[in-house]
Amino acid sequence: MSEDIRYETADGIATITIDRPEVLNAFRRGTILDLNKALREAAADDGVYVVVLTGAEGGFCAGADVTEMPDWSEQSEEEYAG
């Protein structure tokens with residue numbers, strides 16, 4: 001799906017994986033935008049009944065990637081929400 005998110009479906013289950021293990025799957029702007037895209041895709045798929053949100057390599061998410069936070073203030077609420 002993207003650099004930060006993997007999206008897979010099987011047997012009515014959509015699995016969305018945050019795939020940034022090098023930073024304990026911390027969110028950056030692109031992660032949030034890609035996550036929103038994956039969630040919209042799952043919602044639009046009539047064959048998906050369950051969504052599992054997980055993190056790569058044993059950890060869910062460390063939170064926000066603070067190294068990129070200054071850039072986040074430049075986006076509108078609509079951009080952030082995707």
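Visitor: How do you know that strand β1 and strand β2 pair, and in which sense?

Guide: Two strands pair if DSSP finds at least two bridges between them. Strand β1 (residues 5-10) and strand β2 (residues 13-18) have six bridges, in the antiparallel sense, so they pair. Tyr 7 stands opposite Ile 16 in β2, and Ala 10 stands opposite Ile 13. By the way, this is a predicted model, where local features need pLDDT of at least 70, side-chain atom pairs count only at pLDDT 80 or more, and totals for chains, interfaces and linings use all residues. Residues are numbered from 1 along each chain as its sequence is written, and side-chain values use heavy atoms, leaving out hydrogens and water.

Visitor: What makes β1 and β3 the edge strands?

Guide: The open sheet of three strands runs β1-β2-β3, with mixed pairing. β1 and β3 each pair on one side only.

Visitor: Why is Val 50 called partly exposed?

Guide: Its relative accessible area is 40%. Val 50 is found in strand β3 (residues 50-55).

Visitor: What is the span of helix α1, and what is expected?

Guide: The expected span is 1.5 Å times one less than the number of residues. Helix α1 (residues 29-44) has 16 residues and reaches 23 Å from first C-alpha to last, close to the expected 22 Å. Its buried residues include Ile 32, Leu 35 and Ala 38.

Methods. Helix = DSSP H or I, 4+ residues; strand = E, 2+ residues; numbered from the N terminus. Buried < 20%, exposed > 50% of the residue type's maximum accessible area, 1.4 Å probe, protein only.
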